[in-house]
Amino acid sequence: MAYCIRCGVKLEEGSKACPLCKTPVQLPPGMEESKQQPLFAQKLPSRGLGGVNKTRKGIIELIISLFVISELTVFLSMWLSGNGNQSFIPLFSIAMAALSLILAFSAKPTYTMQASIQCVLVAVYLVGLDASDLRLFWSLIASPALGVGWLYFVYPFTRRAVQKPKKAAGICLLGSLAYLAFINLVLEQGLTWFVPVTLPVIATLLLLLALFSLWFTNRKNKRVPLADVVLATLVVLFGTMTSLDFFLSGYQLGVFTLRWSTGLLGTAVVVLLFLISVSVSRRVRRFFTSHNRHD
């Protein structure tokens with residue numbers, strides 16, 4: 001550390017002049033001061049390195065200790081009472097609960113990560129319960145249903161789904177169709193009702209959505225009122241339910257007819273005519289949107 005030769009003020013490293021008296025700092029050649037650098041210089045990360053901190057580590061160790069104690073207690077109780085052959089379900093349930101808690105405290109604390117882990121664990125748990133008698137039946141339907149739920153309630157919040165919403169919607173639709181086909185194969189050992197009922201109903205739904213999307217995007221007024229969206233949703237819903245009744249009657253009775261959906265079809269037609277009249281006739285639209293009602 002250098003000092004001013006005139007006033008004795010301590011100078012900072014690399015100073016060219018005294019900050020008090022402005023006297024130039026003159027050092028012999030090769031004696032220029034420079035800021036000290038650490039021996040192994042490296043940039044610090046902008047964020048923490050993550051991982052399990054001491055608090056979470058302590059909680060995980062407590063969970064493991066309780067898990068071991070619980071497993072030993074339940075096993076000895078079941079074995080000493082002569083029910084050792086029925087100990088799989090309680091022991092497996094304790095193990096899955098402990099694993100769920102451990103992953104909850106060790107994995108990344110985000111909604112998508114935690115929800116995905118829990119969906120997988122619940123699916124494994126259901127398969128384990130169903131396999132306790134060395135056979136699989138109901139878990140083949142329940143476990144894939146969790147995957148469909150993940151597609152609709154977790155996948156839309158992932159980064160890829162947010163960046164490409166149309167692709168995400170297509171993936172959700174294909175996943176739902178695959179699940180329905182799988183159910184038909186499990187229950188009937190064939191695509192008995194998937195092809196004649198499910199596919200036409202989904203095609204009707206997609207057709208109605210495409211028509212309303214094309215209609216709303218090609219309107220002169222690009223701003224679509226909320227009331228029009230609600231009414232269009234009702235038309236799509238009622239039309240899809242009508243198609244379900246129509247194709248289901250053909251599958252069950254061999255005759256394509258409408259049984260319980262006649263009222264839904266009539267309501268859909270009335271709502272559709274109202275939407276068309278509001279969209280085409282300016283006088284009708286002003287009657288329902290203007291604040292000044294005239295006789």
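The protein exposes about 21,200 Å² of surface in this predicted model. Carbon and sulfur atoms supply 67% of that area. Part of the surface is a nonpolar patch of about 500 Å². Six residues make this patch: Leu265, Val269, Leu272, Leu273, Ile276 and Val280. Leu265 lies in helix 9, which spans residues 262-280. The relative accessible area of Leu265 is 35%. Leu265 is therefore partly exposed, since this value falls between the limits of 20% and 50%.

Burial was examined next. Of the 295 residues of the protein, 24% count as buried. In soluble globular proteins, nonpolar side chains tend to be buried together. The largest nonpolar core in the model has eight residues. Its members are Leu208, Phe212, Phe216, Ala232, Val235, Val236, Val271 and Leu275. Three helices each supply at least two residues of this core: helix 7 (194-217), helix 8 (226-253) and helix 9.

Neighbours within four places in sequence were set aside. Beyond them, Phe212 is in contact with Ala232, Val235, Val236, Leu272 and Leu275.

Thr198 has a relative accessibility of 8%. Thr198 counts as buried because this value is under 20%. Residues up to four places away in sequence were again left out. With that limit, Thr198 touches Leu177, Leu180 and Trp193.

The overall fold is helical in its secondary structure. The protein has ten helices and zero strands. Along the sequence, the pattern reads α-α-α-α-α-α-α-α-α-α. Contacts were also sorted by separation in sequence. Among those between residues at least 6 apart, 43% join residues at least 24 apart.

The average pLDDT of the protein is 86. A score of at least 70 is reached by 85% of the residues. Confidence is highest in helix 3 (residues 111-130), with a mean of 95. Confidence is lowest in helix 10 (residues 282-289), where the mean is 63. Where pLDDT is low, the predicted coordinates should not be read in detail.

Note on methods
Residues numbered from 1 in each chain as written. Predicted model: local features only at pLDDT ≥ 70, side-chain atom pairs only at ≥ 80, totals over all residues. Heavy atoms only, no water. pLDDT = per-residue confidence, 0-100. Helix = DSSP H or I, 4+ residues; strand = E, 2+ residues; numbered from the N terminus. Buried < 20%, exposed > 50% of the residue type's maximum accessible area, 1.4 Å probe, protein only. Contact = heavy atoms within 4.5 Å. Areas by Shrake-Rupley, 256 points an atom, 1.4 Å probe, with all protein chains shown as cover. Patch = residues over 30% accessible without salt bridge, like charges linked within 9 Å, V, L, I, M, F, W, Y side chains within 5 Å. Salt bridge = Lys/Arg side-chain N within 4 Å of Asp/Glu carboxyl O. Core = buried A, V, L, I, M, F, W, Y, C linked by side-chain atoms within 4.5 Å.
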